[in-house]
Amino acid sequence: MHYTGDVVPEGPSAQRDLSRLTIRKASVGTMANNVYLLTCTGTGAQLLIDAADNPPRIMSLLGEGSGRLDMIVTTHQHWDHHRALAKVAAATGAMTAAGEADADALPVLPTLRLAHADTITFGDITLDVVHLRGHTPGSIALAYNDVGSHTHIWTGDSLFPGGVGNVEADPQRFASLISDVQTRIFDVYDDDTWIYPGHGGDTTVGAEHPHLQQWRERGW
């Protein structure tokens, strides 16, 4: 089945098969949060991005892959992205990780506290950590360079189709976030880089980068 990135809340997951990694995307909870399960095809190791809500649905998502869970990464401290974190971590024994500046606000203190340019490895897969300051102090994105293809980035609530994440009309937070999105995403990764956000549909760097000045002028 062709992957589009379109999923409905509490509906079936969408699956994307890369050469060494399988990506599953599901939507859970009242805020329609995206949950991503990454499966290393060579080892069966699995990493979950944002245990946002509905622990039974997340556990069933794990079963769509290898059934195990090695790590849970929380993209940022906002409540809607970690409502299932404690239960899923307890049920699986998975390590947990989050950005250093958001770590103490989470219901489960992370095993790993992440900084910009850190890496995370599970099975044969390595992800690069991109710190994007502004939506929250410790918001992170995760980037995977698919050898022979393009890069895939999970951006949490820092970058969406049509703009950067909510900064609650704070000009300093907006300036910080849009600067990091420009210098750490748009200036680094090619136009075909696929963006997987924390809510809603996917996009690409090429679809969003041309609008950066427009976002700066409107202030959000």
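Reader: Which residues is threonine 151 in contact with, leaving aside its neighbours within four places in sequence?

Author: In this predicted model, threonine 151 is in contact (heavy atoms within 4.5 Å) with Ala143, Tyr144, Asn145, Tyr189, Asp192, Thr193 and Trp194, once its neighbours within four places in sequence are left aside. Residues are numbered from 1 along each chain as its sequence is written, and side-chain values use heavy atoms, with hydrogens and water left out. Local features need pLDDT of at least 70 and side-chain atom pairs count only at pLDDT 80 or more, whereas totals for chains, interfaces and linings use all residues.

Reader: Why is threonine 151 called buried?

Author: Buried means under 20% relative accessible area, exposed over 50%, and partly exposed in between, with a 1.4 Å probe and protein chains only; threonine 151 has a relative accessible area of 12%, and therefore counts as buried. Threonine 151 is found in strand E11, residues 151-156, where strands (E, at least two residues) and helices (H or I, at least four) are DSSP runs numbered from the N terminus.

Reader: Why does glutamine 213 count as partly exposed?

Author: The relative accessibility of glutamine 213 is 46%, so glutamine 213 counts as partly exposed. Glutamine 213 lies in helix H5, residues 212-218, and is 125 residues from valine 88 in sequence and 41 Å from valine 88 in space, C-alpha to C-alpha.

Reader: What makes the buried residues of H2 line one face of the helix?

Author: The buried residues of helix H2 (residues 85-92) are Leu85, Val88 and Ala89. Seen down the axis of H2, these buried residues fall within an arc of 100 degrees, so they line one face of the helix, the arc being that of the directions from the helix axis to the C-beta atoms. On the other side of H2, Lys87, Ala90 and Ala91 are exposed, while the buried residues pack against strand E4 (46-49), helix H1 (55-64), strand E5 (71-74) and strand E6 (95-99).

Reader: How do you know that the protein chain is as compact as a globular protein of its length?

Author: The protein chain has 5 helices and 15 strands. Its radius of gyration is 16 Å, close to the 17 Å that the globule rule gives for 220 residues, so the protein chain is as compact as a globular protein of that length; the radius is taken over C-alpha atoms, and the rule is 2.2 Å times the number of residues to the power 0.38. Of the 220 residues, 53% count as buried.
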